[in-house]
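Subject: Structure handover and notes

Dear colleague,

I am passing on the structure below, followed by notes on what was found in it. Please read the notes with the model open beside them.

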Amino acid sequence: MDNTLLAQLLFPGPHATPEEMEAKYPKRNLPEGAKVTRMGPSPTGFMHLGNLLAAVTSERLAHQSGGVFILRIEDTDEKREVAGGVEAIISAFSRFGLVFDEGATETGDRGAYGPYRQRQRAEIYHVFARELVLRGLAYPCFCTEEELSAMHSCQEAEKANFGYYGPWAKHRDMPLADIQKELAAGKPYVLRLRSPGDPARRTRHLDLIKGEMELPENEQDVVLLKSDGIPTYHFAHIVDDHLMRTTHVVRGDEWLATLPIHLQLFDLFGWPRPQYAHIAPLMKLDNGSRRKLSKRKDPELALDYYHAEGYPVQCVLEYLLTILNSNFEQWRTENQTSGFDAFPFTCEKMSAAGALFDIDKLRDVSKNTIARMTAEEVYAQVLDWAHEYDRDLYALLARDARCATDIFSIGRGGEKPRKDLAAWKEARAYMDFFYDELFLPAEAFPASVASGDARSILENYLPLFDPDDAQADWFDKIRALSAQLGFAPETKLYKKNPQDYKGHVGDVSMVLRVAVTGRTNSPDLHQVMRLLGRERVLERIEAAIGRLKKQGGNANG
């Protein structure tokens, strides 16, 4: 076979050489130990937690080591690409605060190792595909879909391994004259690797997560270039990772099955293999059994879910770090005020098996994280979320920023801050009673207090309320009112002799809470009343008295 002539037939015209490509994309000038990582999503329009897990891992490895983090759009599968897919990828990563040092952006590319969109790199791939042809390691295959399907059926009948290899590789040793004839006839073809692999031989591989592995060599003559000249993932990412000088590749472990192909290609070119970290899929408990998170069954798999629900970015990232590194929770306990980027991330602490995704655990992490935020931070993030998802709430929050911030400041700070919110979607229900437009008066009071006693509590409290009272003075008034109306002024007195009292001071406070907030659970009642102000508090208490009168509550009990 005249490989030089074959290369000229398949790639006519002048071409750059591999040496020129190496010069154009030189080794990076980085500190020793610096890692170069990349994210290579496909623009299919669905960004999920698996993408984010790999992205967080890649970002931490790169930036923690003083390296480079790249966003590369792997758009070689044009049939599956959706309109706006690239923008969706960039937007999703941007929302989660992932900072790429170079790569694709909404307005183009940034960086010296581009283009960062694979369909724009066709000429680069052709340089190295041509090199393989020149070396006798690649050839054109003219098989039709029907021929490949018939071959698959024969392999199934003979119980042979599926694929295009060895005796099944119909065009592997096609004479040059026949190739010329097919090309002259304009018959479409793909370019295949002439694999020198032997599955009886093994290749050793050290995965950063899975550990030591022995894999069979690849024997498949896989497609390198499709009939339109665009490369397959197998070929494109090998060339890109080499020229972009990627040192570490983080991806899902569904790629383990084709890892022998990728290692073989690196070896055939004489290029150093990057280090691979294959992440197992996220699992979920379903009726006591573990299964993979599903796009069809589990809305929480999609990244858009967290934005719509209003989970703060830092909360989701904190939770993912508990999944990725088993020692993160202990570190967080000891470093409560540090940013998560101060955590010493390592692949050694990643689980080789699928981690269990737990939405309740995410909510706990989110509550703890939100509790550490300032009122100003909470207000800003709720306002931003409401602007997109709850315009009525947005209008109320924007109307008086100081008031809204004061609401979020209740119970915030100190050693034991309140943990009411896990997501911004819950903000409306948390604070609705502060706004007359959203306030829903309670239809009933706690059953532990007779309706006549509830009415008496409210009527007697009306002249006592002063929004300027300090908390101690405010509560002293409630204690005194409790004693006046036959309720124990201290809970311990009631517990000691319950037969002597109608109830205790907590019951009296609860009646006031329900009248003012419409609920039995709310932030600190003293601060709530101060924020509402004298006029609104008295108005709500009087309205509650009116409802009790209609219900027939006798003030004498």
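Strand S11 (residues 275-279) has 4 of its 5 residues buried, so this strand is largely enclosed by the rest of the structure; buried here means under 20% relative accessible area, exposed means over 50%, and partly exposed lies in between, with a 1.4 Å probe and protein chains only. Helices (H or I, at least four residues) and strands (E, at least two) are DSSP runs numbered from the N terminus. S11 pairs with strand S10 (residues 248-252) in the parallel sense over 5 bridges, where two strands count as paired if DSSP finds at least two bridges between them. Within this pairing, His248 has Gln275 of S11 as its bridge partner. Between S10 and S11 the chain passes through helix H9 (residues 259-269), and this β-α-β crossover is right-handed, a term that applies if, with the strands pointing away from the viewer, the path from the first strand over the helix to the second runs clockwise.

Before going further, two notes on the source. This is a predicted model, in which local features need pLDDT of at least 70 and side-chain atom pairs count only at pLDDT 80 or more, while totals for chains, interfaces and linings use all residues. Residues are numbered from 1 along each chain as its sequence is written, and side-chain values use heavy atoms, with hydrogens and water left out.

A parallel pairing is also found between strand S1 (residues 36-39) and strand S2 (residues 68-71), over 4 bridges, and in it Val36 stands opposite Val68 of S2. The chain goes from S1 to S2 by way of helix H3 (residues 49-64), in a β-α-β crossover that is right-handed.

Turning to the chain as a whole, the secondary structure comes to 23 helices and 13 strands. The radius of gyration is 33 Å, well over the 24 Å that the globule rule gives for 557 residues, so the chain is more spread out than a compact globule; the radius is taken over C-alpha atoms, and the rule is 2.2 Å times the number of residues to the power 0.38. Along the principal axes, the C-alpha atoms fill a box of roughly 110 × 50 × 40 Å. Of the 557 residues, 50% count as buried. The accessible surface comes to about 26500 Å², of which 49% belongs to carbon and sulfur atoms, by the Shrake-Rupley method with a 1.4 Å probe, where for residues only the protein chains shown count as cover. Among contacts (heavy atoms within 4.5 Å) between residues at least 6 apart in sequence, 72% join residues at least 24 apart.

Several loop residues may be worth a look. A cis peptide bond, with omega about 0°, joins Gly114 and Pro115, and Pro115 sits in the loop between strand S4 (108-110) and helix H5 (122-134). Lys159, in the loop between helix H6 (145-157) and H7, has a positive phi near 55° although it is not a glycine, and this residue is exposed at 76% relative accessible area. Asn287, in the loop between strand S12 (283-286) and strand S13 (289-292), also has a positive phi near 55° and is exposed at 79%. Lys187 lies in the loop between helix H7 (176-184) and strand S6 (190-193) and is partly exposed, with a relative accessible area of 29%. Neighbours within four places in sequence aside, Lys187 is in contact with Phe142 and Glu182.

Finally, the cysteines: how many disulfides does a search of the whole structure find? The search finds 0, a disulfide being a pair of cysteine sulfur atoms within 2.5 Å. For Cys154, which is in no disulfide, the nearest cysteine sulfur is that of Cys143, 12 Å away. Cys154 counts as partly exposed at 38% relative accessibility, and Cys403 is partly exposed at 22%.

With kind regards
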